[in-house]
Amino acid sequence: MKVGITCYPTYGGSGIVATELGMELAARGHDVHFITYANPIRLDLDSPRIHYHEVEVSNYPLFQYPPYCLALASRMAEVAESYQLDVLHVHYAIPHSIAAMLAQQMVAKVRRLPYITTLHGTDITLVGVDPSYFPITKFSIEQSNGITAISDYLRAETVEVFGVQNEIRVIKNFVNCDLYHPDNEKKGAAQYAPNGEKLLLHLSNFRPVKRPLDCIRILAEVRKHVPARLLMAGDGPERGPAEQLARKLKVEQDVLFLGKQSHVERLIPLAHVLLMPSEMESFGLAALEAMACSVVPVATRVGGVGELVTDGEDGYLEAVGDIEAQAARVVALLSDDALHWRLAKAGRWNAGERFCTDRIIPQYEQHYRDVVDAAV
Ligand code: GMT
């Protein structure tokens with residue numbers, strides 16, 4: 001098939017899922033055309049059957065707000081016609097879904113162009129419910145030829161909040177278990193933990209919803225019991241406040257802010273525990289990637305995280321903001337090798353059995369076929 005993919009290319013779970021989906025599809029023989037304003041961060045442009053089409057937005061002085069959605073729709077229509085796309089697959093509803101709808105109408109005279117909208121989380125739980133976006137988000141989702149959500153939780157939210165009646169197929173986040181795998185030796189960890197400290201990892205876009213400051217508080221607690229250091233990978237608005245808090249709690253020497261990382265599969269296996277103290281998480285891709293690497297997640301009991309992590313079996317789930325409880329779980333894991341090994345092993349197994357690419361990508365392929373056949 002010839003598939004057009006649009007996502008937020010810079011940083012965020014939806015862009016990562018879209019990019020890795022595109023690369024997996026290309027590896028399976030499909031032609032994949034990324035249509036975005038920048039090169040997606042994890043995209044390997046040298047891979048066969050991967051194409052990239054940049055969306056350029058003119059910044060005419062009259063425009064206080066450059067009309068990205070229109071530029072995107074035009075580019076989608078152009079690419080669909082020139083490369084005879086079979087389907088457009090947009091990730092994150094706003095504004096990608098409405099742009100796809102416009103592109104579909106623009107090319108309608110010459111070709112059918114069904115589009116699928118994949119809902120990832122904040123497009124429904126945060127941004128989409130903002131009164132200025134609510135009606136158009138609902139409209140563009142309902143107009144989609146196919147809708148997928150990344151967890152049962154998110155599907156239920158979409159139905160409840162937006163009253164969407166169309167079929168919403170749940171296709172969960174996935175991980176390539178060949179790329180994301182354990183490193184039992186953890187030799188590369190020495191550069192971050194020169195004295196053999198245990199490593200905690202937080203990986204996010206540092207938005208308030210991720211509560212990165214909680215990670216600093218957890219580390220400060222943990223260090224009262226076990227020598228440990230914290231790797232903070234990623235960047236975003238809460239990074240400055242997190243750095244300040246580290247200084248205030250006098251743990252700044254043991255918190256390493258690494259910035260955005262393009263090869264997290266090399267970094268994650270060096271850690272022992274992943275901290276995901278989020279306020280909301282419709283799935284929690286970072287926890288899945290960690291589990292595939294036998295890194296145990298200590299996360300919050302929110303949204304769809306429980307569809308991935310089974311508390312006490314392959315990770316721990318605690319209440320949002322309960323630093324004491326989360327820190328206690330980390331201390332237990334870092335002081336008891338047998339416990340850590342048991343959960344780490346179960347996490348790797350869970351990731352491989354339920355969320356590996358071989359299980360999930362065919363579900364997208366089937367959805368493309370269904371949507372293309374239905375549109376004829
Ligand atoms: O987590 C973010 O802030 C980014 C966001 C996105 O849409 O880019 O991530 C969402 O999509 C991920 C991939 O499907 C999910 O694993 C995350 O749980 C979800 N984030 C939230 O729901 C907060």
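Predicted model: local features only at pLDDT ≥ 70, side-chain atom pairs only at ≥ 80, totals over all residues.
Q: How far is an oxygen atom of the ligand from an N or O atom in the side chain of Asn173?
A: Polar contacts are pairs of N or O atoms within 3.5 Å. For Asn173, a side-chain N or O atom takes part, and the distance to a ligand oxygen is 2.7 Å.

Q: What percentage of the area that the ligand exposes when taken alone does the protein bury?
A: Taken alone, the ligand exposes 480 Å². Of that area, the protein buries 95%.

Q: Are helices H11 and H12 roughly parallel or roughly perpendicular?
A: Helix H11 spans residues 323–335 and helix H12 spans residues 337–355. Their axes lie 5 Å apart and form an angle of about 105°. Angles of 65 to 115 degrees count as roughly perpendicular, so H11 and H12 are roughly perpendicular.

Q: How many nonpolar residues does the contact of H11 with H12 have?
A: From H11, the residues Ala332, Leu333 and Ser335 meet Asp337, Leu339, His340 and Leu343 of H12. By class, this contact has 2 polar residues, 1 charged residue and, as the number asked for, 4 nonpolar residues.

Q: Is the peptide bond from Ile94 to Pro95 cis or trans?
A: Pro95 is placed in the loop between strand E4 and helix H3. Most peptide bonds are trans. From Ile94 to Pro95, however, omega is near -10° and the bond is cis.

Q: What is the phi of Gln84?
A: Gln84 is in the loop between helix H2 and E4. Most residues other than glycine have a negative phi. In Gln84 the value is positive, near 50°.

Note on methods:
Residues numbered from 1 in each chain as written. Heavy atoms only, no water. Axes fitted to C-alpha atoms, helices over the stretch in contact; angles between N-to-C directions. Helix = DSSP H or I, 4+ residues; strand = E, 2+ residues; numbered from the N terminus. Parallel < 35°, antiparallel > 145°, perpendicular 65-115°, else oblique. Contact = heavy atoms within 4.5 Å. Nonpolar A, V, L, I, M, F, W, Y, C, P; charged D, E, K, R; others polar. Polar contact = N/O pair within 3.5 Å; in protein donor to acceptor, adjacent residues only side chain to side chain. Areas by Shrake-Rupley, 256 points an atom, 1.4 Å probe, with all protein chains shown as cover.
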